[in-house]
Amino acid sequence: MNAAPADQLRLLDVQALDVRLTQLAHRRENLPEHAEIRSVETQLVHQRDLLVAAQTEESDTAREQTKAESDVDQVRQRAARDQQRLDSGQVSNPKDLESLQSEIASLARRQDDLETVVLEIMERHESAQARAKELAAGLEETQSRAAEVTARRDAALTEIDAEAATVRAERATAVEAVPADLLKLYEKLREQQGGIGAARLYQRRCEGCRLELNITELNEVRAAAPDTVVRCENCRRILVRTPESGL
Ligand SMILES: [Zn+2]
């Protein structure tokens with residue numbers, strides 16, 4: 001293939017722009033914020049689960065407490081009624097009197113037991129409440145951290161995308177001047193050779209594969225006409241000659 005030396009040099013400009021685009025895509029893909037966001041999101045899921053569990057415990061114990069307090073109330077009312085009957089002097093039969101007194105005593109013990117249960121539930125409720133409050137605060141903190149990291153990521157992406165748009169525009173201008181067949185070969189090689197299709201021959205070395213040309217290869221390049229498109233024998237990339245090629 002033949003191409004004017006100036007067109008071959010233009011290919012190096014296109015290559016440099018393509019390298020920049022690849023670097024920008026790599027940067028976009030590997031922003032540290034991506035990993036940070038994944039980790040914050042995992043933490044959010046965990047914290048939300050814990051908060052839901054604590055809130056469930058909080059409402060369960062609130063319900064339990066209401067129920068236990070109403071149990072105490074019933075026992076208290078019944079004891080009050082019994083006491084009233086006893087105080088009224090209406091019950092005179094010794095056997096009934098004894099039974100009434102025994103019931104009052106038994107109700108007092110029962111009330112005592114139920115009040116202990118109420119206290120125990122209250123303690124559990126208070127601790128669930130405190131835990132839910134603490135978890136809600138922790139969750140809020142993580143949420144603001146998530147918002148902060150997301151904003152940081154978005155700013156970085158916007159910056160990269162703007163830079164990439166500029167480079168793509170530069171590339172579009174640069175390829176206009178490159179002959180179609182040379183560009184096609186370059187694109188094909190670039191795809192095959194890890195993003196580098198054209199390399200400078202610099203001080204007898206192919207800058208694509210970094211190998212130094214041997215004497216036979218150098219002689220071939222020296223003998224090639226300036227508009228011959230030379231290829232590296234080792235990596236097959238387009239080798240572009242410049243005044244620093246060491247020929
Ligand atoms: Zn090479």
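Biologist: Which two strands form the hairpin with six residues between them?

Modeller: Strand 3 and strand 4 do. Keep in mind that this is a predicted model. In the turn of that hairpin, R236 has a positive phi of about 70 degrees.

Biologist: How do strand 3 and strand 4 run, parallel or antiparallel?

Modeller: They run antiparallel, and two bridges join them. Across that pairing, R231 stands opposite I238 in strand 4.

Biologist: What about the two faces of strand 4, covered or open?

Modeller: Both faces are covered. I238 and V240 are on one side, L239 and R241 are on the other, and all of these are buried.

Biologist: Nice. In what order do the strands sit in the sheet?

Modeller: The order is 2-1-4-3, in an open sheet of four strands with mixed pairing. Strand 2 and strand 3 are the edge strands, each pairing on one side only.

Biologist: Which way does strand 1 pair with strand 4?

Modeller: In the parallel sense, over four bridges. Strand 1 covers residues 198-202, and strand 4 covers residues 238-241. For a pair to look at, A199 has L239 in strand 4 as its bridge partner.

Biologist: And how does strand 1 pair with strand 2?

Modeller: That pairing is antiparallel, over two bridges. There, L201 has C206 in strand 2 as its bridge partner.

Biologist: How many residues lie between strand 1 and strand 2 in their hairpin?

Modeller: Two. Q203 is in that turn, and its phi is positive, about 45 degrees. Q203 is a residue other than glycine too.

Biologist: Why does Q203 count as exposed?

Modeller: Because Q203 has 11 other C-beta atoms within 10 Å, and a residue with 12 or fewer counts as exposed.

Biologist: OK, switching to the helices. At what angle do helix 2 and helix 3 cross?

Modeller: At roughly 160 degrees, with their axes coming within 6 Å. That makes helix 2 roughly antiparallel to helix 3, since an angle over 145 degrees counts that way. Helix 2 spans residues 32-88, and helix 3 spans residues 94-176.

Biologist: Is that crossing left-handed or right-handed?

Modeller: The crossing of helix 2 and helix 3 is left-handed.

Biologist: What sort of residues make up the contact of helix 2 with helix 3?

Modeller: By class, the contact has 29 nonpolar, 14 polar and 20 charged residues.

Biologist: Let me zoom in on V75. Where does V75 lie?

Modeller: V75 lies in helix 2. With 20 C-beta neighbours inside 10 Å, V75 counts as buried, because the cut-off for that is 20 or more.

Biologist: Which residues is V75 in contact with, leaving aside its neighbours within four places in sequence?

Modeller: L107, R110, Q111 and L114. V75 and L114 are 39 residues apart in sequence, and their C-alpha atoms are 9.0 Å apart in space.

Biologist: Last one: how far is T150 from A198?

Modeller: Their C-alpha atoms are separated by 38 Å, and the two residues are 48 apart along the chain. T150 is in helix 3. With 15 C-beta neighbours inside 10 Å, T150 counts as partly exposed.

Biologist: Great, thanks for going through that with me!

Key
Residues numbered from 1 in each chain as written. Predicted model: local features only at pLDDT ≥ 70, side-chain atom pairs only at ≥ 80, totals over all residues. Axes fitted to C-alpha atoms, helices over the stretch in contact; angles between N-to-C directions. Parallel < 35°, antiparallel > 145°, perpendicular 65-115°, else oblique. Left-handed = near helix turned anticlockwise from the far one by under 90°. Nonpolar A, V, L, I, M, F, W, Y, C, P; charged D, E, K, R; others polar. Pairing = 2+ DSSP bridges. Contact = placed C-beta atoms within 7 Å.
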